[in-house]
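This briefing goes through one structure, topic by topic. Please keep the sequence and the model in view while reading.

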2 protein chains.
Amino acid sequence: MTNENLKKFEKLERKNKGLINLNPIQKGGELTKVAEKALVEFGDGYSIYDLSPGLELMEMPLIKEFIQETMPKFLGADIVRITLGVREGIFNVIHSIAKPGKTILVDGNRHYTTIIAAERTGLKVVEVPNSGEPEYKINVEDYEDLIKKHKPALVLLTYPDGNYGNLPDAKRLGEIVKRYQVPYLINGAYAVGRMPISMKELGADFIIGSGQKSMASSGPIGVLGMDKKWEKIILRKSKIYPQQEIEFLGSELRGTAMATLMASFPAVLERVKNWEKEKKKAQWFSKEMEKLGLKQIGDKPHKHDLIFFKAEPFYKISLKHPKGRFFLHYELKKRGITGIKPGLTKHFKLSTFSIDKEDLEKVIKAFREILKK
Amino acid sequence: MTNENLKKFEKLERKNKGLINLNPIQKGGELTKVAEKALVEFGDGYSIYDLSPGLELMEMPLIKEFIQETMPKFLGADIVRITLGVREGIFNVIHSIAKPGKTILVDGNRHYTTIIAAERTGLKVVEVPNSGEPEYKINVEDYEDLIKKHKPALVLLTYPDGNYGNLPDAKRLGEIVKRYQVPYLINGAYAVGRMPISMKELGADFIIGSGQKSMASSGPIGVLGMDKKWEKIILRKSKIYPQQEIEFLGSELRGTAMATLMASFPAVLERVKNWEKEKKKAQWFSKEMEKLGLKQIGDKPHKHDLIFFKAEPFYKISLKHPKGRFFLHYELKKRGITGIKPGLTKHFKLSTFSIDKEDLEKVIKAFREILKK
């Protein structure tokens, strides 16, 4: 390893800075100004110990209040733990409550890591299929027969899913599972921190949120809310170290992300109140895109900022364009827009979250121009 | 939740800024200047995707080279994966290779999370005891009889441990385990990034390092090096998503810490070359402290910057001091020094890593003054 060869690692740069960003995975994770400060303040590894020197993390007054009071209220949960992300949180739950060989029941729109978390635990997975094109809806009534048939150790709902931004009837599913006494987990990676959501109101046992996806935080970090009846199982203690929680390897809380999660929270709480506006903006955007000949897939009218489009007109252009399927990416970039996966034209997803209407109008205009050209 | 009440989360501050810091858990995790830039550049959640827009993280040229070439060379390993930390890396390994009910054999100086990772996997743990006061040495020859007796699924050595900074004969243990064909894991949280270390040279199957503890990185992040013979077991693939690794839930690599780990690496590679100087400085410091009537515990002469002292003279003062056992913390702070756990006087650990001799002389002087007073 020569030093010359390593120099490149010292010059890591973000491409696409300063552009209007439509990337669904990034929109909700942009730091607030105060979180940027917290990031720098607690950037050094393990500097979080300097928040309250001499105390363990879970004993620090600010962290304690955040985990024991602030987050439970925010999530509508009894108990909250910090996880290393949503996939890790899902693993925490199913690894704690389901023995290998058991079955879990999940929606057909689930994230791929839900399946892998189940494989890691040695579980079988049964899926509640979606309705297919064009809405890809999860009808939660379909869970009932499958619950009767498979007696699952857990029921999981992705709310919304990360492909179509569909919001199934999570509350109705809460009523169904209650009848069969099946634990119910909501994957709220794209909900918690964007829109109002309460685990208890939806009748769930667990809710998981993502710091980096929707809580204006650097990652990897997640929040896991639970009903207190699961305390003894999820928070089971070490026999050798009776204060320590086995499933979290003592504690998964450490590092820079925690500081940003806390620093952003007051702003996150505020922005959640604007959800109706965000929703209307998404609906307006969807209609404008359809006027250009695209077709919005998923819930209609749409109820979330993550929106999936079929874009035949762009696909047709790509077949003849010298840049091929990458033309859309380049044409948008020329117009100051990024976030649609390079190479996609036939269909793509995007997010309108926290982008003001003026910028979205620029986006519509850009799409219109590219079509005309 | 009133806004007024939440304001405090927006003002997170590091105490003890600008002081000479002796905290072993923090010394090796301080960011380099270029890593600070990378931290800010990739502070937003999931902004790491903007390193190479359109590519999956593991496909990005810089990340690919770092994981597939740079880190394997650095660790003396065939294959490397990024983990969420050392405890998570230990869990990754034992969860993959040991069935519940099996036994693992670990050193008596192991971190508490080693025990908890075993409990999480349903394993029994047998410990190789240390020699007790004053050296707390792990004699690796003691592993042999216990290997014969328990036929462990894994042998683990903490190198060095986080209490005494003892460096057992890891290479000799490599020879022993080879005879019995037992997989051998080195927890190098306080070695990798501080001192030269090679998994292959030590005869180990696995090595784990910590970004936030010793690689000048923000956390949580770790590196797991392994021998290629473990590829199929540790990196086993999902049946449904054949590209994805089950044990890592797809990939644990995401977020800000990865950018800092890469940005700091060229400097980390350089500092490892200074290890002999670091060691001599630690030995000198230990002698100076003993001149004050303290007693250094652990390896002697000491071979690591993490040093444990018995400090009877300070304990005696604490019994009469109005500030009680917190007096040492306050007295050191007055003199611009931090990092010894507040409340400890009878014994404490500290680290001399990356502190220049002039500052360490100030530390010695401060201890001397406090004793005189």
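Two residues are in contact if their C-beta atoms, placed from the backbone, lie within 7 Å. By that rule, 79 residues of chain B are in contact with 79 residues of chain A. The model is a predicted one: local features need pLDDT of at least 70, side-chain atom pairs count only at pLDDT 80 or more, and totals for chains, interfaces and linings use all residues. Residues are numbered from 1 along each chain as its sequence is written, while chains are lettered from A and ligands numbered from 1 in the order in which they are written.

**Where the chains meet**

- Helices (H or I, at least four residues) and strands (E, at least two) are DSSP runs, numbered from the N terminus.
- On the side of chain B that touches chain A, at least two residues each come from several helices, including α3 (33-41), α5 (86-97), α6 (112-121) and α12 (256-272) of chain B.
- The helix that gives the most to this side of chain B is α12(B), with eight residues.
- The residues of the side of chain B that touches chain A divide into 36 nonpolar, 22 polar and 21 charged. Here Ala, Val, Leu, Ile, Met, Phe, Trp, Tyr, Cys and Pro count as nonpolar, Asp, Glu, Lys and Arg as charged, and the others, Gly among them, as polar.

**Domains of chain A**

- Chain A is divided into domain 1 (33-271) and domain 2 (274-372); such bounds come from an automatic or database domain assignment.
- Taken over C-alpha atoms, the centres of domain 1 and domain 2 of chain A are separated by 30 Å.
- Between them, 16 residues of domain 1 of chain A are in contact with 15 residues of domain 2 of chain A.
- The side of domain 1 of chain A that touches domain 2 of chain A has eight nonpolar, four polar and four charged residues.

**Nonpolar core**

- A residue is buried if 20 or more other C-beta atoms lie within 10 Å of its own, exposed if 12 or fewer, and partly exposed in between, with C-beta atoms placed from the backbone.
- A nonpolar core is a set of buried Ala, Val, Leu, Ile, Met, Phe, Trp, Tyr and Cys residues joined through C-beta atoms within 7 Å.
- The largest nonpolar core has 214 residues, and those with the most contacts inside it are Ile94(A), Ile186(A), Ile94(B) and Ile186(B).
- Not counting residues up to four places away in sequence, Ile94(B) touches Ile104(B), Ala117(B), Ala118(B), Thr121(B), Leu123(B) and Leu154(B).

**The seven-stranded sheet of chain B**

- Two strands pair if DSSP finds at least two bridges between them.
- In chain B, seven strands form an open sheet with mixed pairing, in the order β2-β8-β7-β6-β5-β3-β4.
- Its edge strands are β2 (79-83) and β4 (124-128) of chain B, each of which pairs on one side only.
- Neighbouring strands of this sheet are turned by 20° against each other on average, direction ignored. Axes are lines fitted to C-alpha atoms, for helices over the stretch in contact, and angles run from 0 to 180 degrees between N-to-C directions.
- Strands β5 (residues 154-158) and β6 (residues 184-187) of chain B run parallel and are joined by four bridges; the bridge partner of Thr158(B) in β6(B) is Asn187(B).
- Helix α8 (residues 170-180) of chain B lies across β5 and β6 of chain B, at about 165° to β6(B).

**The three-stranded sheet of chain A**

- Three strands of chain A form an open antiparallel sheet in the order β9-β10-β12.
- One side of β9 (295-297) and of β12 (347-351) of chain A is left without a neighbour in the sheet, because each of these edge strands has a single partner strand.
- The twist averages 35° from one strand to the next.
- Three bridges join β9(A) to β10 (residues 306-310) of chain A, and Ile297(A) stands opposite Phe308(A) in β10(A).
- Helix α12 (residues 275-291) of chain A packs on the sheet, touching β9 and β10 of chain A, and its direction makes about 140° with that of β9(A).

**Backbone details**

- The peptide bond joining Gly219(A) and Pro220(A) is cis, with omega about 0°.
- In chain B, the bond from Gly219(B) to Pro220(B) is cis, with omega near -5°.
- Gln181(A), a residue other than glycine, has a positive phi near 55°; it counts as exposed because it has 7 C-beta neighbours inside 10 Å.
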